[in-house]
Amino acid sequence: MGIKFIQIILVVLLAAGLAACPKPMLQETPSDAAESVTAEEAAKENPRVVASLQLTDQGRRLVEDGKPDNAIRVLEQAVSLHPANGQNYYYLAEAWLMKGYASQAKEFNQLAEIHLKADREWIIRVAKQADRITELEK
Amino acid sequence: MLKRFIKYTLLILVLAIAALAIYSGYLYAQVEKRFSARRWSIPSTVYSDTTLLYPGQHLDSSLFNEKLASLGYRQVRHAPSQKGEIRIGPDALDIFLNDLKTPWTRREGFPVRITLSEAAIGTIRRMDSAETIPILELEPEEIMQFFGQERERRQLVSIEQVPEHLIRAVMAAEDHRFFEHFGVDWRGILRAVVTNLRTGAIRQGGSTLTQQLAKNYFLTPARTITRKIKEVILSVIIELKYGKREILEIYLNEIYLGQKGSVAINGIGEASYFYFGKPVKHLTLSEAAIIAGLIKAPNHYSPYRDIARCNSRRDAVLQAMHRWEWITETELQTALQEPIKAVGFIVAESKAPYFIDYLTEQLNTLYRPEDLSSLGLSIYTTLDTQVQRAAEKALAEGLTRLESLNAELQREAPEDKLQGAIVVMQPKTGHILALVGGRNYSVSQFNRISQARRQPGSAFKPIVYLSSLSRFTPTSLLSNDPKTYTVNGEPWEPQNFEPVTEYTVSLKDALKKSYNLATVDLAMQTGLEHIVDTARRFHFSTPIKPYPSVALGAFEVVPIELARAYCVFAAEGVQPFPLSLKGVVDENDKILEQQHLNIERLITPAEAFVMTRMLQDVVKEGTARSLEWRGVTWPVAGKTGTTNDFRDAWFVGYTPDILALVWVGFDNGDPIKATGAAAALPIWADLMSAIPQYRSEADFNMPDGVEKIVVCSVTGQRAVAGCPGPTEVYFLAGRAPTEDCPLHDKGGFAGKIIKGVKGLIDGN
């Protein structure tokens, strides 16, 4: 009973103390949604990004047409304009897969994963691609 | 007696005929061998990368205009109506694009309007259809050709591509009975003999096209009777062996038609571009007559030499064509009225010679030098000529500036002068955009980017700090106290660049301020072997020994390897292979070689990001902070480097899009009496300011695995209200400080009670 009473007193004091104690500075993490949305929106306004998306689309079509070498050329240009666009790396991985080079496909798949982690739909595609790369490695 | 005479005469005649037959057989074999083998040596051509243009792209207008001129665009006042024409307006460029042809892309030229506003592209629109173009690719620029001994330029054309009026113009000028004789025009020879007998000297040749071909291929230019006989025999052999149109095709591709600097223009294909900037099939009658008229004496009748002489020669050819009824009176009059407009040419200066040497080293592993000068390969590279020009200019001006600021750096002999080198790369792809291996290629061909071995000094420190990240954090405290180390049994006492009063310093501040003592302390705690291992993984090829001095970059590196190492920080932990060659294509557009970006992961994206943030502090507040007042206000990470006795000055800086390394020093190791920040950094700033098209001005993206914590600038613990100068610091996830700052924790009595309670509860 006595110990319980002391504990209650201590909790009351703790609550009062917490209100009075110095406040830690606001800490941020990479999952700060507001920050990433702003960055994304800003990126859409960036002319390099807009141009890069054209090339990404060209690269995708070349991959779909079964022209991996041409696709790699175009996607290299896309990467140079907008290195943060994970779709470029996804399609680069796809092109290297098509050429049968698992190690390069894996490197680009990992980059795609880094850049597309916030996009649920894409990250599933990236994971499936990783499975196909593992299959090729076998 | 008579019988005997006839008998001997017949015998001699038979022997002569037999000898002639044997000799003709020998010549026949020669003709067969020569013509069945490769007929011409075509030099291989090296091209730059293509240039991308898109709305919103910033441009340096002088560099861009230079680029267009180098691509052969000709300024006109009217709306461009032909490929290669450009009209420059105050706020728009009208360009009739040339065809784009690379192994990966093909596009016919079309007219386009590029509007400009505030040094940036506004819109790109087709002038023929008003269609808006989101991204436009300009053709690659010719950088150089691998000439053989002949130094001939030639673009082969098939006889089907040659317009009939050009064939007739050549015949009118040189051999109007070409389709009627058997290689030798007896009427022409008789006329020549009469002329020569009358003048007593060999003045007139009377050569047919076939004879000219025989002479060019098999004979010396000497004018002798025996050579003439040989020429006649060879001509008949050629006529027997080949059809008229085939002979004509060989002739039209072979004939010498002018001079571009030290390079000969051979064949109508090349001449058509050299004089009129177009393929042969588009030559007008007048232009065809000019080219045909040149055959007699190309430099004498050249429109570049004497327009009046060229004009009268053209008119003579046109009159002859009319005389032989190959053109009508109307055609004649129209062609005679046409003004002669040659397109002009620029004698190819040596572009990016150090880059070419670097490329050639790689090409020589794939092709023999004689193949490069004869197979007519097209070699596509990663070079961006605008960046190359900007780098050359920045280096030249930067070195001159240093010399003018300090007379002690001036040297009389060109080979002793202050040197510098720059390499510019795309960190994500490894593409080498520019490479300047020295101040003056004609003075020294030594490539200071790929061949030099120089100490990196503090520019190596990022590798040391990276190696330590498994045990230390950016806020770990290091000793900045002088200490004596033993190296090879000898005492070694490193010193800071200048005396400081900070005897304990955080890891990030030690890098920011490039403290030597703290860095050596860190290296010793990290383990020298571990640092050397990291350097090996980063593909430094030079010997690196695990001595304490390794922490200060007191060993030699190849500059391009240092640039490549920094790419890892800019490229989220992956290292690209430095690429200069993209592909090689043969004469028939068959791709022989392709090189793609090749990457290898060396560290995690989180490690790369933490390093980048610390290197951004170097630029914001540390040894490279002068970048800001030099106009570099966008996010940049980088590191300066200065070696012992100021022998080398470095700056390696990068954004997410581009990385450049600048080195300044003397070849003989004389001190340059300036730091990396004073000598190399201004050159880097000038270079970056000149290539706005490569600046997205975007910040580095924070990947997973990183925590951003506000820490107390004094204790390095989590900042609380009251901490002086709280600073955002990036840590690898799970490595950030967990305790609040104890020094400025002014919780007072209540806070202390809470801590006590916490301790009690924890104790329970």
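Let's start with a sheet. In chain B, three strands form an open sheet in the order 12-14-13, with mixed pairing. Strands here are DSSP runs of E, at least two residues; helices are runs of H or I, at least four residues; both are numbered from the N terminus. Two strands pair if DSSP finds at least two bridges between them.

The edges are strand 12 (152-154) and strand 13 (256-260) of chain B, each pairing on one side only. Neighbouring strands in this sheet are turned by 30° against each other on average, direction ignored. The axes are lines fitted to C-alpha atoms, for helices over the stretch in contact, and angles run from 0 to 180 degrees between N-to-C directions.

A word on the source. This is a predicted model: local features need pLDDT of at least 70, side-chain atom pairs count only at pLDDT 80 or more, and totals for chains, interfaces and linings use all residues. Residues are numbered from 1 along each chain as its sequence is written, while chains are lettered from A and ligands numbered from 1 in the order in which they are written.

Back to the strands. Strand 12 and strand 14 (residues 263-266) of chain B are parallel, over three bridges. B:Arg153 stands opposite B:Ile265 in strand 14 of chain B.

Now the domains. The assignment for chain B includes domain 1 (1-37) and domain 3 (149-337); bounds come from an automatic or database domain assignment. Their centres, taken over C-alpha atoms, are 32 Å apart. Six residues of domain 1 of chain B contact seven residues of domain 3 of chain B. Contact means C-beta atoms, placed from the backbone, within 7 Å.

Next, helix 19 (residues 559-570) of chain B. Is helix 19 of chain B mostly covered or mostly open? Mostly covered: eleven of its twelve residues are buried, including B:Tyr566 and B:Phe569. Buried means 20 or more other C-beta atoms within 10 Å of a residue's own; exposed means 12 or fewer; partly exposed is in between; C-beta atoms are placed from the backbone. After helix 19 of chain B comes B:Glu572, with a positive phi near 55°.

Last, chain A. Seven helices, zero strands. Of its 138 residues, 42% are buried. Among chain A contacts between residues at least 6 apart in sequence, 49% join residues at least 24 apart.

Key: Contact = placed C-beta atoms within 7 Å.
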